[in-house]
Amino acid sequence: TGGADLPRVIVRWGRQQGVTIRAVALDHHEVTAAIARDRSTAVPEIRVVRADARALPLADESVDIAVLTSTLHHLSPPDAVQALRELDRISRRGFIVTDLVRSWPAYMGARLLAFTLLRNPLTRVDGPLSVLRSYTVKEAQALVEASGLGEVRLARHPLFRLAMVKGA
């Protein structure tokens with residue numbers, strides 16, 4: 001979940017629509033989960049949990065929609081397949097996975113940003129490295145096929161992004 005920005009946006013959107021949305025925000029890193037917890041104290045609909053995407057501590061079909069953002073590139077192919085299976089296991093309606101797409105233009109763009117606009121030293125190193133670790137569309141398709149989950153749609157999006165969507 002990182003800093004839990006996305007869960008907070010989703011919960012607040014639900015409030016504006018008159019819909020109660022409860023979110024379980026998960027992060028593997030203890031410090032990051034603590035930051036997410038701290039930033040979400042004013043949003044009681046969010047529960048932050050430290051967990052691993054390969055072994056989610058949630059019951060089968062316990063969430064409507066599972067979302068995994070900018071995480072797949074941190075996982076080896078077997079671990080990415082396991083994470084996709086876990087998302088499918090816990091969701092009733094489906095899942096959405098978004099991540100970077102590896103390509104030379106994406107890498108060069110990340111390097112250009114890192115050395116011109118980005119000031120955080122960690123981001124300057126992590127951005128280009130994340131692109132190099134990400135999957136190509138063909139590799140992402142192979143992950144989906146290896147997961148055996150059936151109908152998962154892949155779509156490319158602007159700025160070298162990829163979405164994998166299953167269900168509603």
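## The main nonpolar core

Let's start inside this predicted model. The largest nonpolar core has 25 residues, and those touching the most other members are Leu72, Leu84, Leu87, Phe95, Val97, Leu143 and Met164. Such a core is a set of buried Ala, Val, Leu, Ile, Met, Phe, Trp, Tyr and Cys residues joined through side-chain atoms within 4.5 Å; buried means under 20% relative accessible area, with a 1.4 Å probe and protein chains only. Two or more residues each come from strand S3 (63-69), helix H3 (77-90), strand S4 (91-100), helix H6 (137-147) and strand S6 (161-167). H3 gives the most, with six residues. Helices (H or I, at least four residues) and strands (E, at least two) are DSSP runs, numbered from the N terminus.

Not counting residues up to four places away in sequence, Met164 touches (heavy atoms within 4.5 Å) Leu72, Leu84, Phe95, Ile96, Val97, Ala140, Val144, Val152, Arg153 and Leu154.

A second, separate core of 10 residues includes Ala23, Ala36, Val43 and Ile46.

Ser91 lies in strand S4 and counts as buried because its relative accessibility is 7%. Its side chain reaches the backbone oxygen of Leu87 at 3.0 Å and that of Asp88 at 3.4 Å. Leaving aside neighbours within four places in sequence, Ser91 is in contact with Glu61, Val63, Asp64 and Ala66.

## Reading the values

Residues are numbered from 1 along each chain as its sequence is written, and side-chain values use heavy atoms, leaving out hydrogens and water. Local features need pLDDT of at least 70 and side-chain atom pairs count only at pLDDT 80 or more, while totals for chains, interfaces and linings use all residues.

Conventions. Buried < 20%, exposed > 50% of the residue type's maximum accessible area, 1.4 Å probe, protein only. Polar contact = N/O pair within 3.5 Å; in protein donor to acceptor, adjacent residues only side chain to side chain.
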